[in-house]
Every structure is written in structure tokens, then in C-alpha cells.
Amino acid sequence: MFAPVSPQVSFPSLDAKILAQWEEQKIFQRVAEREGPPFVFYEGPPTANGMPHAGHVLTRVMKDVFLRYRSMCGYRVPRRAGWDTHGLPVEVEVEKELGINGRAAIAEYGVEAFSKKCIDSVFRYIGEWRKMTNRIGFWVDLDDAYVTFHKRYVESEWWALKRLFDEGLLYQDYKVVWWWAQGGTALSSGEVGQGYKEVDDPSVMVRFPVKGHEGTSFLAWTTTPWTLPSNVALAVKADASYATVKLEDETKPGSAWVGAEYVAPFDYAKPEGGPAHRVIAAAFVELGSGSGMVHLAPAFGEDDFRACKAEGLGFLQLVQPDGTFPPEVTDFAGRFCKEADRDIIRLLKKKGLLFKEEVYRHEYPFSWRRMSDPLIQYARTSWFIKTTREIHRAQENNQAVNWEPSHIKDGRFGQFLAGNVDWALSRERFWGTPLPIWINDVTGKRVAVGSAAEILEKNPNAFDHFHAAKAKDPSLAEDLMVHKPWIDEVTWTVPGEEGVYRRVPEVIDCWFDSGCMPFAQLGYPHHNKEEFEKTFPADFITEAVDQTRGWFYSLMMISTLLFEKEGYPHPFRNCVVLGLLTDEKGLKYSKSLKNYTDPLKLMDDFGGDAVRWALYTNTVPGQNTRFFEGAVRDAAREFLLKVWNVYSFFVTYANLYEKDAPWTPEHARPALAERSDLDRWVLAELDFTVRKVREELDGYTAHQAVKRITSFVDALSNWYVRRSRSRFWAEGDAADKQAAFATLYEVLVELSRLVAPFVPFVAEAMHGNLCSPEGLSRAGRLAEATAHASVHLAPFPAADDARRDDALRESVALARQLVTAGNRVRNEAKLKVRQPLGEAIVVVASDDERAAIERFSDAIREELNVVSLSFTTEPAKYVDFQLLPNFPKLGPRLGKELPLCKKLLGEADGSKLHAELSASGTITVTLPSGPVVLGPEELQVRLQAKEGFAAASEAGRVVVLDTHVTPELRKMGLAREVTSKIQRVRKDRDLPYDARIVVTWDAEGELAEALFEHGPSIAAEVLAVRFERGANANAERSDVDGAPLGVHVALA
RNA sequence: GGGGCACUAGCUCAGGUGGUUAGAGCGCACCCCUGAUAAGGGUGAGGUCGCUAGUUCGAGUCUAGCGUGCCCCA
């Protein structure tokens, strides 16, 4: 027999049991090791230096559902975890922990010790991540995770960087960054965003005398007077009008001034590398504020830098990295740039160059780690990847990717590629992949290296410093060999060449790390060449939308640059872009706001499956979703419990099949053709659902698949089980009972497999009980039993043409619509379902519908509690007909005359038209252009119940109820009332389902008549072995519609 | 400032290729069932589909503009 299943279930404790079972039986390993065609998945590496939240849970369960699905479909699905370990966020965490700030402080603390601290920090929350990952049922191999700081991984990146370098794609140039002068470091945009505050800055309008136009000056506006000594150019908007006032009253377009030269306000030094002090045109010039002319200092502004570079102008940077003016700025040498603003203005005034001065209140960024330190925009030399050279290839590659949602391709991602700028790769930091470029300190010759082995060829003693350190401290990780500070000790000389090769000081952007994972996770090309070729490109990746410019970009860009011979797309074919999870107000989850519930708490309260199902049902790719506890609670209640109830119902009655003989899978299963319509219907619905779910999952739209499953479960529970209930304890028709058990069993087994990728715990629990190895082997299906130790090793349900029956599905849908309409009639007429009625009359528009309905006449009669169901021959008596054009058909044919046609049909006597249509097959409408003959397929018939009948219409069908209650019907109603009362007594006394009873009743008149007449059926219904009239002192007294009744129930 | 996405019932959300009665769940109201029972079910109310123009015989759906919100970037 099946293990008993209680309808009261605790999903969280179920999870625990299943997790233990998986662990014990090594189910994940068995799934992972199965043979089959590969389905390649790449895990986007998270950083485990913070607590995971529901957003991380979402990406994990979305990965899991497609991977489990593919496994069940027979693919071999590698599931390797990964960790992103480098980067500024890690360094900042450590700085906070150590209570230090800035580069100097880190150098003082010691780069070696600092790097070690970074490693510790990266894995600080790895325990929480593991726990969350395991708890939610995300199967991924955490023990064999790739880690971006590992030596092998770094060497793969070096290989990639060397290739880029050798192809001329890696170059050095200036980049304007937000610079924290006091800390000696650039800040990331995230950090800059945290440090804005409102301040008053001077705002000055400065005169720039025009060369060759005596007495004329350009006026330009700036809020950073300290950048004026470094002025290189002025920018105009080419198509705006510029006025020359006082002397000449004329206007010229900005373009007319382009090329004009002027005298810069200061001449401490000359810009280098090109001409300067002339007017150029730039698109970013705005007319909203200032004079329409913009002062450009390329050393201190991103736009300035780009515009001047594009014009081939020179460069001048008269502020030192520590924020002070250099000696050549004689008036202000050694002073902090921003603090000199006032004196600069004073000097301008003295020179007669100040036109106007104001105070400007705006938001300005400061160092979030010391809010008194203003940031400045500052050009630093940086290493770049020349992505712009190959961007067309990336764009072509992008076109071949299947994005879900599709608008990402030409929207967010496509637009981003279109506006591509070269990738600023280097970081002046400590904890990152070192840039593998060495420069000869005499000749300036540059060399990139692709591995540690390559270095050793140049200098066998290159890593001696590291080995010495390791000898002193054996705990030193081998991986740190390729990191700062040791890598900076690596030098070499080349025979016959003067000078020593020393590494550049920079490390690289950690996005480059994660973007290399397709090959770096395998150590390619130094290791695993074959394995790499087998797992490239990925079939599927998914992350949240914030990765568009992050991981998705770095993956694609790097792959495009390195693997130019590979056919597009690569390195991923399908990419599901998830929306962000937000709180109830629509705000992004954030650590600082603490606006989310710990996902582990939700799992502990409602179970992993509830969290998973809530995420599948409530999120759509690309769309932000408000996610809160309520959704999880609903998922448990609305879906999981419904499934569980059906399952529990089945198991309960299977175990009560016959006295001491439960129903088991060994029982004979009637052939499909021998089963009832109802059985074949539910199997047809299942088949339909299976087809659709496969389609949706193949197309990476899990949210649609989930809808299909939800509506199937609803149909199963609300129609199949409800309509079939009594078949499961029937005693008469053994064949039908067998069919019912066989059908529900088959449905539940397949359902458990169908939902397994989504709700792996509940699925496993159901499947384990329904298809237990013991049960299967007793049923003579030993092979299956061994293979299916887990639902996740079982095959995903497949379409079955034998079960398919769309006509049957339509019929039942029709019958259910009629029941809905009939229920509405009863509701409106205040006629309880308990009171039988004589007749339901159905009006339909076609004979096909009539046949379809007659097939389910029994069900409809029972649901509506009517004695007979009939089809009227005089529809006009009950309904009005209305004819409407069939718009999709007639639209193209009639065009502009369609509204008139609709109007004429509406004004005509619909019932007459309908009669004509039924008789002759056509009707004729006279339009201005002439008479038009319309056939049935060009028209739609609408029925409306006439006033005065208990009737309701539903989707073009009308149900009329005969509300006359005859004495006979009334007695039937009374009998049902009594049945209901006796059932209640059974329930109140908590009698077992199959307990037989003896009923003694006491009533007079009409009620007594009813009980004599319907006694046998009541007795059968309530499992009474005797149902007799008689007085009993202990009888329960009540009244039925005014008549007194005494009922006594005793165990037989 | 640039790019992207969204705006549909009180709430959370669905609504291929335009087709004239716009759907679901929750919540709410009324009711039923009592052999899935600390469950289950029925019916109903509730929407000028953000606004304004346009294209079209016909627009929630296409186009343009505007508004609001969010995300990414500056």
C-alpha cells in the first residue's frame, strides 16, 4: 500500500526530509552524471561577501527549473558553481573592517596581509550562500566551483589579455575618473553615487579674448574655476545662434565660430600633444544655462576629454594627483585646487577677465568615506581594450542570440553596444587580476605574458620572492603567486637587451574576470582544451537585468574578440534576463534600506517550493516584480495544497480500495478506450498541458508554463476529482472503479514529473510514494524502479497522441460553461442546489454544440440537480437572437461598409434573420453598394435570455430552468435535507468514512412520505444498513423546512 | 542629460500576428457543500486598459507627443 498521506502537511519539514534523502542517495550526483547530449549552462558567479536576498533566490530557482527540465529530458547538464572574488567592493569591505582608508593606508598595512584579508572576506558569507542554495533546492556543484582568484583562472585571463595585446587591442590612454585626491584613488560610480551632497560653488562667466577681433571676447561659464589654468578649448553648439552684442549687433551660427582662436585666461603652461585655445563644436553643449559656450579642460571632464581628443587638441593637467597645484602654477602652487577657487576668481577680476560671478547651489559628489573630501574629475592613464574596433562583430553576434524578453536584443543591450566606448580595463588597486604587461625600464618595450610558465622561461627565478614567503608561511595560498604584491616582484632581463622588464602596477576590472569564465573556469587553453570545446558556447544563461552592461556584455565582448572563428552566437545562445525584485513600494531591494524579508525565513515558514512557485508565478523576465510574503503564502495555499489534497485524496482511497486490499499500481489498468469520458478527458487535458509546458520551457518562458500547470491542477481538482469522488468508493461497478484509480494514479505520477522542475520537494514526495521502488518492483517493473530512485531521474512527461482529444476537451468546456450559467440562474432565483428541479432547457446556436452537450448530460444534470436536460425546439420562446458580423471575416470583404452592416443587422429582427439563416443557409443585407449575401461563417449569433424566465446566458449559450417545484420534487428535496443532516451527525461524531450505521427517524406527513419513498437511496448514501421509522429518546431533534424531525444514528 | 522598461479591477499580475461582451488570483459580498472537512466549491460586484492626437472599417494591442514610476548609464 501507499504510505498514508495526511491532508495536513508541513512543507518545511517535508523539505528537510527530501533534502536528507537526496543527500543520502546522492541524487544530485546521479542526475549530474547521467549520459546524454550536453545542455550547457554557465553559472554567473556571485560575490559571497554579502547576505543573499530574494533576488539571488530568483536567479537561482530560474536557473534550476530549466536545468532540471533538461536533465529529465535526457540531457547531460553540467552545473558548475562559481565565485566572483576580486574587485573594489571586496577591498572596501576589508578597509572598513580594518578601519583604514585609501591607498597609502593599505600600503602601510601591507599588501600581502591585505590580500589575505580579501580572500577571507570574499568567503565570509559563503556559508549563508551554501545554505540558501541548498535550502531552495538549487542543484549546483559547489564543491567544484570555479574561483576567479585561483592561479589557473588568472592564467587563462592572462592568455586572453596577451592575445588582445598582441593584436593591438590593448592600449594605454587617459581616462577621466572621479578622483579622491586625499585617498589617492578613483571611486566607482556606485561609490560616487553614495557621496552626493548639496553645496554652494562659485559660478563664473569668464572672458576669453578672441584673437584677431580686438575688443571682442567669448564668454564661457564654469563652476570649477580651478580648471581654468588647464583650459584647452571652448565648445559651441554648431546649430545654435550666437550673438555678438554691443559692437556688432549680429548673430552667427555656432559653426561660424569654429576654429576661432582666443587668449586663454592663464598661461602657466602650454597644452601638449596638439594645438589649443580655439573654438570647437560639441554636441553636448547646452543652451539652458551659461552662455552657450563651454570651457573645456580635458584633464578634468569626460566630455571635455573626448571632445578635445576627437579634435586632436592638446592636453594640459595643472593639478597633481594629490589635488594640489604644481609649481608651475606660480600663483597657487601647493594649494588644494578647489580651495583656490576664490583666489582664482579674484585674479580673473584683476586681469579684467571676469564678466560675472554668482553662487551656484547644486549636488556635488564627495568621498563617501570622508564626506569633507570633495571628489574631482581627473584624467589618469588607464589601459583600454579597443572594443570599438570590433563592435560590429559583437553586434552581429548579439543579433544571433535568443533573448528573453526579446526587446533586450535591440533595446537595452543593442543600444548599449551601439554607444560602445573602449573598455577601461585597468584599476589602480590591489586585489584583482594583475595586468600581465611588463615594460622594459630602459627601452620602454612592452610585453604581455600568457602564463606563469611563460614567465619562468624568461626568468626561472621569477617567483623566488613568493616561494621565500611561502617557506616562511606555509599557509600562504599558492594562488597568491599570481597576485600583488608578489607578482610585482617578478622581473626579467633579455640577453643582449639593456634594461629590466617590470610589471605595470595596475590590476584589472573584475568584470573581465567573470567575462572570461567560459574558458577560464577550465583553465583553457593551458588545460582542458577538449572539455572547453564541448562546453562552448552555452545553451543557456540567466541573470538579472543589471547584468546587461555587466556580465552579459563582458561575456559577449571577450568571446567576440577571442573566438573570431566561432559561428554566432557565442558564448551563449539563450539568455533569460530577469527583472529585479522590489519591495511593496516598487523600490529595489537594498542592504542599507533593509526592505526585504530574509528568504530563509520565508522558506522556513512556507517551504522552499512555496518560495519557488511564488517566484515562477509572479515574475516575468525583464520586468520588475513586487515580491513580498503574501505571494509565498498564496503559492502554498493556492497551488501546493491543492495538488497535495488531490494526492492525499487518492492515497486515502487507494488504501481503502477493498477491505484489507489496497489499490496498488499492480492492479489491472483498463485500456484507454474502455475508460469513461471523464477519465479520457482528464488525460486529454494532461496531454494538452504536457505539450504546452514543453513548448514553453523549450522557449524559456517559465511563467507561461506555470500558468498551464495551474489551470490543469484546477481542472483536475475542481472537475475531475469532484465529479469522480464517488467512483472511488463505489461498490457496484468494479470496472469503472478500476478505471478511476488507474486514471488518477497515472495523472498524479505524470503530474509529479511535470512539476518536478518547479517544485522539486513536493514532486519528490509524491513520486516517491506513488512510484516507490518496492511498489514498482512488485508491479513487475524492476528496471523502472531502479532508474527512478527519484522523480528527477524519471523522464519528463511526453506528448501522447493516444490521449489527445481536443473535441472532448471542447465538450467538457462547454458543459462546464452551461453549469456556470445554470448555477447563476439558481443563485439569482434563490433556488438552493439541494432542491431538485424538473428540467433545464438549453438553447444552443448549433447542432454540434447540442451533440457535445448531450454527451455530458448526466454531469450537467447532477451539477444543476435537475431531473432532465432538454433542448428546446422553440428557441424564440426563451431567447432573443442577435446577429453580428464576424469581424475578422467580413472586415477585409466589406471594409468601410462594415459598421453599416453591423447597424443593419442590429436593427433587424434577429430571430427572423436567424430562422432564415437556419432554413436557407444565408441571409441577404442590402448595403449602398448593393445586396450582400452572408453565410453562417460570416456571422456570429448571440443569444440573450428573454425576461420572465429563470435563465442566464454564457458565451452564446442560454440555460433556462423550470422553477416549478412539484410535490414529487419537493419530497426529493426533503430527502436530500435529511441526508445532509445525517451526514452532519456522522461528521460531528467523527465516524470513520466506512462505518456502517443504523438510522431511526421520526417524522410526520409529507416529510415521512418523502422518507419512506426515498429511504433506500438515503440509506445507501449515508451507509446505513437499516433506515427505519421509530421513536428514540436520544434522537437529535431538528426541523426541515418547518416540519419536525428526529434522527438517531447508531453504529451498526 | 541619454537609453530601456512599465502604467489594465481595491491589491498583485496575464493579455502571439489589431477583430467589437478585456481575463486570472487575492481581497470583498452573497451562497452552497459537509465521504478531500482546521478542507472544498458556486455566483456576483468591481475596469472610459496613464493622458492626448493619429493610422484603420475596427486600437488594451500599431505610430507620435505628453505625464508618472522604476532600472541602467552619465
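Which residue takes a positive phi in the hairpin of S37 and S38? In this hairpin, which has 2 residues between the strands, Asp-1041 takes a positive phi near 50°. The structure is a predicted model, in which local features need pLDDT of at least 70 and side-chain atom pairs count only at pLDDT 80 or more, whereas totals for chains, interfaces and linings use all residues. Residues are numbered from 1 along each chain as its sequence is written, chains are lettered from A and ligands numbered from 1 in the order in which they are written, and side-chain values use heavy atoms, with hydrogens and water left out.

S37 (residues 1036-1040) pairs with S38 (residues 1043-1051) in the antiparallel sense over 5 bridges, and Asp-1039 stands opposite Pro-1044 in S38. S38 is also joined by 6 bridges to S35 (residues 997-1002), again antiparallel, with Ile-997 standing opposite Leu-1051.

A second hairpin is formed by S18 and S19, with 5 residues between them, and Gly-444 in its turn has a positive phi of about 80°. S18 (residues 437-440) and S19 (residues 446-448) pair antiparallel over 3 bridges, and Ile-437 stands opposite Ala-448 in S19. S18 is joined by 3 bridges to S21 (residues 501-503), also in the antiparallel sense, where Ile-439 stands opposite Arg-502. Elsewhere, 4 strands form an open antiparallel sheet in the order S4-S3-S14-S16, of which S4 (185-186) and S16 (423-424) are the edge strands, each pairing on one side only. Within this sheet, S3 (residues 170-180) and S4 pair over 2 bridges, and Trp-180 stands opposite Thr-185 in S4.

Two helix pairs were examined through their axes, which are lines fitted to C-alpha atoms over the stretch in contact, with angles running from 0 to 180 degrees between N-to-C directions. The axes of H38 and H39 (residues 1005-1021) come within 8 Å and cross at roughly 55°, and the two helices are therefore oblique to each other. The axes of H31 and H33 (residues 857-864) come within 10 Å and cross at roughly 25°, which makes H31 roughly parallel to H33. In this classification, angles under 35 degrees count as roughly parallel, over 145 as roughly antiparallel, 65 to 115 as roughly perpendicular and the rest as oblique.

Both H31 (806-829) and H38 (967-988) are among the elements that each supply at least two residues of the surface near RNA strand B, a residue being near if one of its heavy atoms lies within 4 Å of the strand. H24 gives the most to this surface, with 7 residues. Of the 52 residues around RNA strand B, Lys-707, Arg-725, Trp-729, Arg-834 and Leu-1023 come nearest. The residues of the surface divide into 15 nonpolar, 20 polar and 17 charged, where Ala, Val, Leu, Ile, Met, Phe, Trp, Tyr, Cys and Pro count as nonpolar, Asp, Glu, Lys and Arg as charged, and the others, Gly among them, as polar. A phosphate oxygen of RNA strand B is 2.2 Å from an N or O atom in the side chain of Arg-834, while a base nitrogen is 2.7 Å from a polar backbone atom of Ser-717.

Notes. A polar contact is a pair of N or O atoms within 3.5 Å; within protein, one must be able to donate a hydrogen and the other to accept it, and residues adjacent in sequence count only if both atoms are side-chain atoms. Two strands pair if DSSP finds at least two bridges between them.
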